[in-house]
Amino acid sequence: LNLNNPTAPRIFVVDDDEELRESLERLLRSAGFRVETFGSPDAFLERAPYNGPGCLVLDVRMPGRSGLELQEWLASAEAALPIVFITGHGDIPTSVRAMKAGAVDFLPKPFEDQMLLDAVEQALAQDAAGRARRAELATLQERAAALTPREREVFCLVVQGLLNKQIAARLGTTEQTIKVHRGRVMEKLQVASLAGLVRLAARLGIPNRSPGA
Amino acid sequence: MVVSLSRVKKVGLGAVLALLLPYAAAPAAGPPTPRRVLVLYAERKSLPSMELLDRGFQATLRARAAEPVEIYTEYLDLLRFQDNRLQQEQFAWYLRKYSGTHLDLIVCFGSRLLAPLLHCRDRPFTRVPILCATVGVRQLPAGAPNPRVTGILNPIDARGTLAAALRLQPETQRIVVVAGASGYERAWVEEARRDLHDYKSRLEFTYLVGQPKAELLRQVAVLPPHAVVLYLTFLRDGRGRLFASGDVLAELARVCNAPIYGISETYLGHGIVGGSVLSPQLLGARMGELALRVLAGAKPAAIPFARGAGALQFDARQLRRWGLPEERLPPGSTVLFPEPSFWARYRTQSAAATSLFALFAILAAMWHEASGRRRRPRRIRETLVPCRELVADLNAAVVDLPPDRVQGEIRSRLPVVARLLDVDRVELQQLGEEPRAFRTTHSWAVEGIGVGPLPIRADEFPRIFTEVAQGKVVAFSRPEAALDRRRKDFQSCRHAGVRSLAAIPLTLGGMTFGALVLTTHRAAREWPDELVLLLQLLTQVFAGALARGPAEIPPRGSRPPDRTVLAALSAPVALVDSEGAVLWLNDAWRRLAARSGAPLSSGVEEGTNYLELCRRVAALTKNGLEPLPDGLKAVLEARRTEFSCEYDCSTPAEERCHELLVETLQDDTAGLLVLHRDITQRKRLQAEAHQQLRQDADTARVTALGVMAASLAHELSQPLAAILSNSQAAQRFLSAEAPDFEEVRQILSAIGNSDRRAVEILRRLRSLIKREPAELRPLDLNELIHAVVDLAAGDARRRKANIVLELEPGLPRVFGDASQLHQVVLNLAMNGLEAMESGSDERRLAIRSRREEDGWVEVSVRDTGVGIPEEQLGQIFKAFHTTKSGGTGIGLWIARSFVEAHGGRIEAANNPEGSATFFFRLPPYEEETA
């Protein structure tokens with residue numbers, strides 16, 4: 001890992017206990033991470049939005065907004081950072097709630113360094129995967145945006161399983177015209193087969209069955 | 001003779017009767033025995049009011065008739081079967097049914113019955129007198145006046161009911177009248193409308209008449225403030241569905257947000273507060289009386305229609321529910337359903353309250369140890385003791401005080417609470433006549449703060465009132481920081497100079513009925529969670545006491561006691577003149593005097609000087625009577641109005657305890673009433689309650705420690721986690737190629753800091769558990785042992801064990817905290833007694849004290865129990881170690897903590913014969929002199 005690399009993942013530690021916060025900062029730094037620490041969820045939220053790779057290490061119980069509340073808050077935003085919870089209580093209901101809401105891990109204090117580092121690595125991997133997924137989706141969305149309205153119509157009807165002839169009838173044109181549109185759609189979306197087209201439609205959230213069919 | 005119904009229709013009722021009953025036209029000749037009475041009820045038998053009418057009527061008639069009476073009863077069920085023709089046929093059928101029966105009187109309940117009856121007037125029934133009672137309306141029934149007819153007009157008393165409601169709730173602005181849809185119910189509504197005409201200008205009236213039931217329920221749930229409901233009847237709703245008034249009322253009462261008043265006795269107990277209610281049974285009885293007069297020969301024409309009246313009756317539970325004070329009831333009111341005794345009704349709550357007391361005591365102690373000590377070191381001693389007393393005494397009040405003294409008891413505790421918690425004002429507030437306001441019922445304030453009572457009212461403190469009314473605690477300091485400046489709450493606080501405020505709901509059975517309100521005006525104070533918890537516990541105590549307290553007692557001494565009443569009492573009573581001479585004794589007194597072991601009643605005759613007797617008895621015996629002569633004298637000399645003392649009057653056969661009450665007769669004689677009351681049972685309950693309290697204290701201590709432990713575990717996890725992470729970070733930094741030693745130095749310093757923090761947390765834990773002696777003074781351990789034995793004697797008796805004392809005279813004193821050492825000895829004694837529970841034949845607990853050669857004082861407690869398994873000897877003083885099945889494992893641990901806090905030692909050993917001895921040794925206070 002290169003600390004000077006601006007795209008190196010960043011670990012955000014949020015804990016109200018200063019001693020613990022600093023010790024976590026040192027531990028993560030000793031393992032080669034870039035670390036930023038915050039004394040409260042609100043302090044973290046005040047920070048400029050961060051879009052790079054990273055994860056959160058979050059105490060569950062803090063005065064004011066709790067760690068779980070921060071989790072909910074972040075989840076409502078897009079591109080949430082994965083969260084590793086740490087807690088002095090380790091109560092099961094809280095951990096279940098946190099894990100259900102998508103936490104990577106839930107560590108009762110005190111914990112061995114390797115447990116935290118493993119959890120952080122896992123969170124970063126999850127983040128990276130998520131980022132890749134989002135990037136891919138963004139590309140696909142960009143391609144789909146290039147379709148003309150008529151091409152988009154044809155695309156939707158094709159993935160619903162209609163034949164060219166049926167599409168032509170429905171759109172009031174000839175089968176030949178539809179063939180041309182269809183060819184352009186596949187070209188613009190960089191897809192080679194009908195199956196690829198259907199998969200792509202699913203990724204983009206286009207229904208593959210017409211409401212009436 | 002058979003007559004078809006079609007013919008009845010054609011010819012008409014009168015003519016048919018003429019055909020059917022020819023012989024009835026003959027004059028009633030000869031003595032008709034028995035007398036026959038036909039009673040017609042307009043409604044079905046299953047209506048509660050019909051049943052009560054019948055009961056009242058029959059009971060009166062049967063009990064007082066000179067000759068035998070045969071009663072024939074019919075129910076016409078007109079409400080459900082309204083068809084007029086059907087009714088005529090029904091009559092025809094009845095008359096046919098009774099054609100062979102010579103009737104002396106017809107009685108009908110319900111004005112609609114009279115006209116059809118009179119239809120038959122020119123034929124056979126012409127001479128049968130008729131009595132008619134109207135139910136609910138004041139109009140003469142159709143057909144009257146008539147020389148054959150008299151009766152009772154029995155209108156609903158809407159006016160009297162509303163007057164009572166307004167007395168109870170003078171702020172009332174709106175009256176919501178509820179009634180069903182049937183004709184008979186509408187007649188009631190008209191009656192009410194006329195009756196309430198005078199109020200029309202002053203109050204707003206809403207008539208919810210004939211609504212579908214669901215709609216009615218929806219509407220009464222959201223009535224505006226200052227409304228009351230006047231419930232007339234609800235037998236048929238707008239959709240034609242039939243109901244029972246009582247059932248609908250009960251549903252209404254569950255959802256209605258305003259008090260409901262009603263006009264029938266049958267509604268009491270179904271949710272009405274009360275009212276001037278018609279009593280069907282009474283009406284029945286009056287009709288019975290009227291029937292007797294007519295059967296005896298009186299002519300109906302000579303008896304004018306009488307007028308019935310409502311009786312003022314109220315439901316104590318509803319009065320309490322809506323916070324309506326009984327003293328506002330109109331004169332002559334009867335209160336039904338008075339509260340059952342505290343023990344009967346609140347057995348579970350009070351058991352909970354008892355353990356809350358204990359928990360309160362423990363938490364109070366801990367709280368002061370934990371936070372109070374550092375913040376207000378001067379106060380510890382002042383606050384801890386009253387705090388314990390507060391709990392103990394209030395407990396006594398709840399368990400045992402007569403209700404009329406609870407209020408005073410509560411009042412006297414408020415200053416203690418204020419001082420204890422360092423606030424300027426303490427108030428107990430309860431819901432009063434106004435629906436959205438508390439009124440201050442008990443208050444106390446520091447002198448010179450210049451602020452009067454501060455009742456939390458919705459119009460002044462909308463937010464605070466709402467929160468508290470919902471059962472939530474409101475606590476804040478500095479209103480400018482805690483409250484919205486634009487809101488009324490803030491303005492009201494500023495106006496009253498409130499710097500901080502805590503309002504804790506008074507609840508019972510889940511219902512909020514008031515609040516404990518604490519305010520400071522000179523300085524702001526914080527309300528930490530522990531404190532709020534304490535306040536909630538305290539409030540529970542007050543709530544329990546208040547629930548028990550407010551029962552009104554009849555005014556005493558307003559009349560000289562009636563001797564016939566006194567004579568019938570089961571309690572021994574004597575009347576004594578102002579010189580102390582006995583004027584009169586009741587039989588119960590003589591019976592008590594005849595028993596053995598009744599020193600204050602035997603030998604007493606008319607003329608005996610009771611004061612002299614008391615002096616003699618008090619001088620001779622030592623059973624608690626020492627203050628009696630002076631107390632009695634004080635009442636005789638009118639320096640006090642009453643005096644009471646308890647005394648032991650056990651016989652060899654049984655333990656008994658009596659209470660002697662002396663009270664001034666507030667009449668011209670200036671004499672006294674002397675009364676003995678057997679309080680054996682009460683004492684026993686009290687003793688059991690104390691026993692329970694002791695056990696609860698143990699449980700509570702452990703529970704509280706558990707809570708504390710959980711919180712400490714969290715606090716400890718912080719520094720421990722920091723230490724671990726730091727040390728592991730340091731290792732990583734050191735394993736780098738060029739270790740950053742500055743970084744590592746910082747880490748080591750951080751580790752030191754975290755460690756010190758952990759130690760501090762542990763120190764706090766220790767100081768909570770092993771308290772340092774709080775009130776040190778020289779103590780005589782022998783005295784202390786005597787005190788403990790007094791306490792444990794009851795327990796020992798129950799366990800059939802003897803406590804033997806072998807105390808060395810002239811024992812050196814020790815320097816210590818009496819309550820702690822007291823507890824040490826008590827714990828060891830109880831431990832010994834429990835050890836002898838099983839097995840041992842001879843149960844003997846020997847408590848010994850002696851001065852050792854080195855000058856230390858040793859106390860030993862030796863039992864004849866089963867001893868301690870050798871392998872456990874080293875463990876028994878550890879926390880949570882127990883050998884008893886029900887033990888908490890904490891008693892001996894506490895004993896050790898206390899002894900060690902006094903610089904002493906505690907040990908246990910098995911005796912050669914197998915039982916155990918516990919020793920503790922303490923250093924002497926005096927320097928070695930001899």
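Modeller: Let us begin with a definition: a residue is buried when its relative accessible area is under 20%, exposed when that area is over 50%, and partly exposed in between, using a 1.4 Å probe and protein chains only. This is a predicted model, in which local features need pLDDT of at least 70 and side-chain atom pairs count only at pLDDT 80 or more, whereas totals for chains, interfaces and linings use all residues. Residues are numbered from 1 along each chain as its sequence is written, chains are lettered from A in the order in which they are written, and side-chain values use heavy atoms, without hydrogens and water.

Biologist: Why is B:R159 called partly exposed?

Modeller: Its relative accessibility is 34%, and the class in between runs from the 20% limit for buried to the 50% limit for exposed, so B:R159 counts as partly exposed.

Biologist: What makes the pair of B:D198 and B:R159 a salt bridge?

Modeller: A salt bridge needs a side-chain nitrogen of Lys or Arg within 4 Å of a carboxyl oxygen of Asp or Glu. For B:D198 and B:R159 the distance from N to O is 3.2 Å, and therefore the pair qualifies. The two residues are 39 residues apart in the chain, with B:D198 in a loop and B:R159 in helix α6.

Biologist: How do you know that A:R26 and B:E743 also meet in a salt bridge?

Modeller: Their N to O distance is 3.8 Å, which is within the limit, so this pair counts as well. The pair crosses between chains, from helix α1 of chain A to helix α25 of chain B, and both A:R26 and B:E743 are buried.

Biologist: How many salt bridges are there between chain B and chain A?

Modeller: The count is 5 salt bridges, and one of the pairs that join the two chains is A:D113 with B:R732, at 3.4 Å from N to O.

Terms used:
Helix = DSSP H or I, 4+ residues; strand = E, 2+ residues; numbered from the N terminus.
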